[in-house]
Amino acid sequence: MGPRLKRVRRDLGLTQANMAADLDISPSYVALMERNQRPVTADLLLKLASTYRIDIASLADDDSEDLAKRLQATLKQPIFSDIDLPALDSADIATSYPGFAEALLRLHTAFTEEQMAHAQRREMAEGAGPAATSTTDPVGEARAFLAARRNCFPALDDHAAEVAQELAEDRPREESIWTDALVARLSRRHGQKVRFGDPELILGSLRWHDRHREQVLISNRLDHPGRRFQLALQIGLLEARDVIAGQLSGGRFSGENARRLAGRALTGYWAAALLMPYRPFLRAARDVRHDLETLSRRFAASFEQVAHRLTTMGRPGEEGVPFFFLRVDRAGNVSKRLDGAGFPFARTGGSCPLWNVHGVFETPGRIRPQWLELPEGEKFLSIARTVEAGGGSWDAPRAQRAVALACSAEHADRIVYAQALDSGDATPIGVACRLCHRPHCIARSAPPIGREMRPDDNRDTGVPFAFASD
């Protein structure tokens, strides 16, 4: 209450002595109350309200608590590690100077985004020469936009949760939102008729919003989680444009393509938040120790949708396990990457072939856990499984990919998959061959940057590359 009292005093243009005289207390007592060292009693609150004609409820009705949590989370970043910033001080700043706190948060986000963009430009230049520095990468910019915010957007979660609550009124005991509720919302609120038909009917699309006929066409080749997600996407496009635009306004994009890709990602984020609302999903994840198959059934979502949603549980003050998400094809091409765990994945080039995300193609549909150890000794728990896109009929094209979800070893006791593994049996991997300095790796595809090859053709150790210092 103290900082809020200080805010009221400053809004009224009063000194501590002025307020003390008005309330018939000492200036020192006002100072102690503002520092939370003396209680603001009920009698004093009533006197405050009658003297200055303010609503008592207004003292409690603000967003300072959420702002303080965001500020505290930001101040934990390594760049501030040598500064002593107690939680009480940051809470005081958020309450007394909300504009300053918001300005600091925006500045730090912009700084993080620029650092990522700089690293990306440097890696592109190293890989493709000087000409690459002038080339923009819209995919990389969109990924940097998400990564700078740790793939967490509380405003989208809150907006989607409100819609989810309205959809759940008909079935308050169900955790998952049913397809008919989504169809009904499109019909009643937006006057859009939903039809499920053959892809040929909708020009080969999964979803088509035919504005002229006021209908939404969904491919009947999609499974039920896919249909629900497409319906949620359409609702997001109709109802969440403003809140998504507000999030995009804080981004730094060199062109419309990057902004459009980021906007598409945020629409998908909103759709997932509608189908798996933040607080119920986080609570369920903790209850089942992040068993993805159980969560899939509970929320009627696909394995990939659940894995993706787990990376977004970073709301300050309500954090879940910070996960890293990766999706690759058989050739190792990365089609999706979301970082909530600080995993040092290379932005260009392939990942380590010893990571089992590349081996799960041999066991389709089976979850395979693995302990990973980076060259610096940091350990991560990883689970990987194949997922399939397309299909739905005999002649429909299909694409098989692998997804991996990883978190730091410090969170392993909260993950059900860790109980099947011995933490001492970790697979040594590198970020990428060009950045990994493990000298005796038989899976190496390229020598690390900065190491000289050993000029010896008389001995073959079986290792692809031998180095002068070995």
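Start by selecting Arg315, which is buried, with a relative accessible area of 6% (buried means under 20%, exposed over 50%, partly exposed in between, using a 1.4 Å probe and protein chains only). Before you go on, note that this is a predicted model, where local features need pLDDT of at least 70, side-chain atom pairs count only at pLDDT 80 or more, and totals for chains, interfaces and linings use all residues. Residues are numbered from 1 along each chain as its sequence is written, and side-chain values use heavy atoms, with hydrogens and water left out.

Arg315 sits in the loop between helix 17 (303-310) and strand 4 (324-328). Helices (H or I, at least four residues) and strands (E, at least two) are DSSP runs, numbered from the N terminus. Now show what Arg315 touches: leaving aside neighbours within four places in sequence, its contacts are Asp66, Cys152, Pro154, Asp157, Asp158, Tyr278 and Arg279 (contact means heavy atoms within 4.5 Å).

Next, click on Glu214, in the loop between strand 2 (207-210) and strand 3 (215-219). Glu214 is partly exposed, at 47% relative accessibility. Not counting residues up to four places away in sequence, Glu214 is in contact with Gly191, Gln192 and Lys193.

Last stop: select Phe323, Leu381, Ser382, Ile383, Leu405, Ala406, Cys407, Ile415 and Tyr417, which line the second largest cavity. Strand 7 (379-390) and strand 8 (398-408) are the elements that each give two or more residues to that lining.

How values were computed: 1 Å grid on protein atoms, 1.4 Å probe; cavity = no way out; pocket = protein on both sides within 12 Å on 5 of 7 lines; lining within 4 Å.
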